[in-house]
Structures are given as structure tokens and as C-alpha cells.
Amino acid sequence: MAVCLAVALPAAAQDGRQVMEEAQRRTEATSQHYEGLLQVIDAKGKITDKRWAYDRTGSHGRSRSLLTFTQPAEVKGVALLIINYPDRASDQWMWTPAIQRERRIAMQDRSTRFFGTDFSFEDLEERDTGQYDYSMAGDETIDGVACWKIESTPRRTKSSQYTSSLVWVRKDNYAFQRIENFVRGAIARRLNYSRIEKVQGIWTARVLEMTDLRRNSRTVLTFETLEYNVPMKDENFTLQALRRNQ
């Protein structure tokens with residue numbers, strides 16, 4: 001990921017949008033690849049393991065990504081292609097090997113769980129700061145780390161299941177520490193970031209934990225391999241490639 005050398009504003013001068021734009025700037029990269037372990041933990045504590053691989057070309061509101069399950073056998077080959085835009089909701093298609101066809105994910109289905117995980121289809125989109133309004137909600141320490149607490153509200157051009165979000169951004173390196181997503185004032189999902197390490201100059205969480213408060217279930221995603229700025233071709237992120245490669 002290419003990192004700009006612009007100087008961040010002093011903490012006292014920050015407002016919500018400045019913090020979010022700086023956080024986004026620090027994570028810019030031409031591409032990203034990771035392979036990860038997903039552990040889905042239901043309300044009774046039962047753990048189901050899945051593995052997926054993720055590739056993305058472009059960054060933030062102008063990116064294409066492909067997420068593919070690799071294990072276990074019953075989900076192997078299931079893939080999700082996402083095309084993100086800076087000024088509107090993403091396009092999404094899911095490929096299912098059992099029926100050898102793709103299905104476009106309709107807007108009304110974006111709030112549903114993605115293939116048994118606690119991530120919704122919308123949660124797998126890349127956020128872009130231009131799609132939200134921000135306001136500073138104060139300072140708070142999360143897991144011993146000083147953070148800015150910022151309220152995020154989707155703009156009218158951004159279709160979202162969430163009416164608002166709270167985002168905690170670390171003051172030491174501008175990495176995300178937590179996001180809480182709300183539906184009409186009630187918290188729906190909480191995403192915690194941990195094991196934050198510097199990878200190719202970018203502070204990156206190696207573990208994400210998504211909790212669905214309504215279901216009392218959670219999914220832990222651990223990045224086992226992670227690379228930025230890997231050479232990739234745009235033609236590998238198309239419907240034609242999805243049909244050809246799966």
C-alpha cells in the first residue's frame with residue numbers, strides 16, 4: 001500500500017471528518033491479498049471453522065474485490081465479487097459451484113448474513129469517507145488504547161441497513177479499534193479490531209471479531225497471510241472471470 005507523507009493535524013485541531021480522512025489516507029494501497037481463518041461461534045458456543053481468500057484491486061470507493069471460500073468442502077468455491085463505487089452502493093454477485101451460476105445480491109438482501117458468518121453482505125463493502133457524514137463524539141479508551149469516538153451517518157446516496165455507526169479510531173496510529181453499527185438507535189453489530197501490526201508500512205489488524213448482538217453470535221477472522229500492493233489484473237475481477245475460474 002502506498003503511503004502518503006502528508007503531516008497529520010495536531011489532535012486538538014481534529015474534527016470527525018479530518019480523523020476519518022486521515023485514517024483512510026493511511027490505508028491506501030493499489031491492491032491487497034489475504035488468506036484467513038473464520039471461526040463462527042453461535043449462541044451456544046459451537047464453533048464452525050471456514051477458510052477464505054480475499055483479493056482486492058484499487059482502494060476504498062474505487063475498488064474491486066473477490067472473496068472465495070477454500071474450506072471446508074461443502075463451501076469450497078463459493079465466491080463473492082464486489083465492485084465498489086465512490087458515490088453509490090456496490091454491485092455484488094455470489095457464485096455457487098453446486099448450481100454453476102452467479103446470483104446478483106439485491107439491495108434488500110444486503111443486511112442478511114454472508115454464508116453463515118456474522119458479516120452481512122454490506123459489511124464486506126469497502127467504506128469510503130465521501131459516503132458518510134461525521135461528527136466528533138468525544139474521546140474514549142478501548143482495550144487500553146486512547147481513541148477518538150466518531151459518529152458516522154450514511155449520506156442519502158449511500159444505501160445502508162444501518163442508520164448510524166460509532167467508530168473508534170486510535171490516536172497513536174489512526175487504525176480502527178472498534179465499529180458499532182446501529183439500526184434506528186439499537187446496536188446491531190459490533191466489529192472489534194485486534195493484533196494491530198505494521199504491514200508494509202500500514203497499521204493493520206490481524207484479527208477482526210464481528211458480533212451480531214441480535215443473534216448473540218460472533219465470527220472471528222484471523223489473517224494468516226497478508227500482503228499489500230500485489231500485482232493484479234482488473235480483468236480477474238469480472239463476472240466472466242468469476243464463471244471461468246470457479
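Which residues does Glu180 touch, not counting residues up to four places away in sequence? Select Glu180 and look around: Ser164, Ser165, Leu166, Trp168, Ile187, Arg189 and Arg190. Contact here means heavy atoms within 4.5 Å.

Before moving on, note that this is a predicted model, where local features need pLDDT of at least 70, side-chain atom pairs count only at pLDDT 80 or more, and totals for chains, interfaces and linings use all residues. Residues are numbered from 1 along each chain as its sequence is written, and side-chain values use heavy atoms, with hydrogens and water left out.

**Stop 1**

Glu180 is buried, at 10% relative accessibility. The cut-offs: buried is under 20% relative accessible area, exposed is over 50%, partly exposed is in between (1.4 Å probe, protein chains only). Arg190 counts as partly exposed, at 23%.

**Stop 2**

The structure holds 21 salt bridges. Select Lys171 and Asp139: their side chains meet at 3.3 Å, N to O. Lys171 is in the loop between E9 and E10 and Asp139 is in strand E7 (residues 132-142), so the bridge ties together parts 32 residues apart in sequence. Lys171 is partly exposed at 30%; Asp139 is exposed at 54%. Next, show Glu197 with Arg195, whose closest N and O atoms are 3.6 Å apart in a salt bridge.

**Stop 3: aromatic pairs**

A search of the whole structure finds twelve aromatic pairs. Rings of Phe, Tyr and Trp (its six-membered ring) pair if their centres lie within 6.5 Å; planes under 30 degrees apart are stacked, over 60 edge-to-face, the rest tilted. Select Tyr34 and Tyr54. Their centres are 4.8 Å apart and their planes at 15°, so the pair is stacked. Both Tyr34 and Tyr54 are buried. Go to Trp148 and Tyr174: a tilted pair, 5.2 Å centre to centre, with 45° between the planes. Trp148 and Tyr174 are buried too. Finish by selecting Trp52, Phe69, Phe114, Phe115, Phe119 and Phe121, which ring pairs link into a cluster.

Note on methods. Salt bridge = Lys/Arg side-chain N within 4 Å of Asp/Glu carboxyl O. Helix = DSSP H or I, 4+ residues; strand = E, 2+ residues; numbered from the N terminus.
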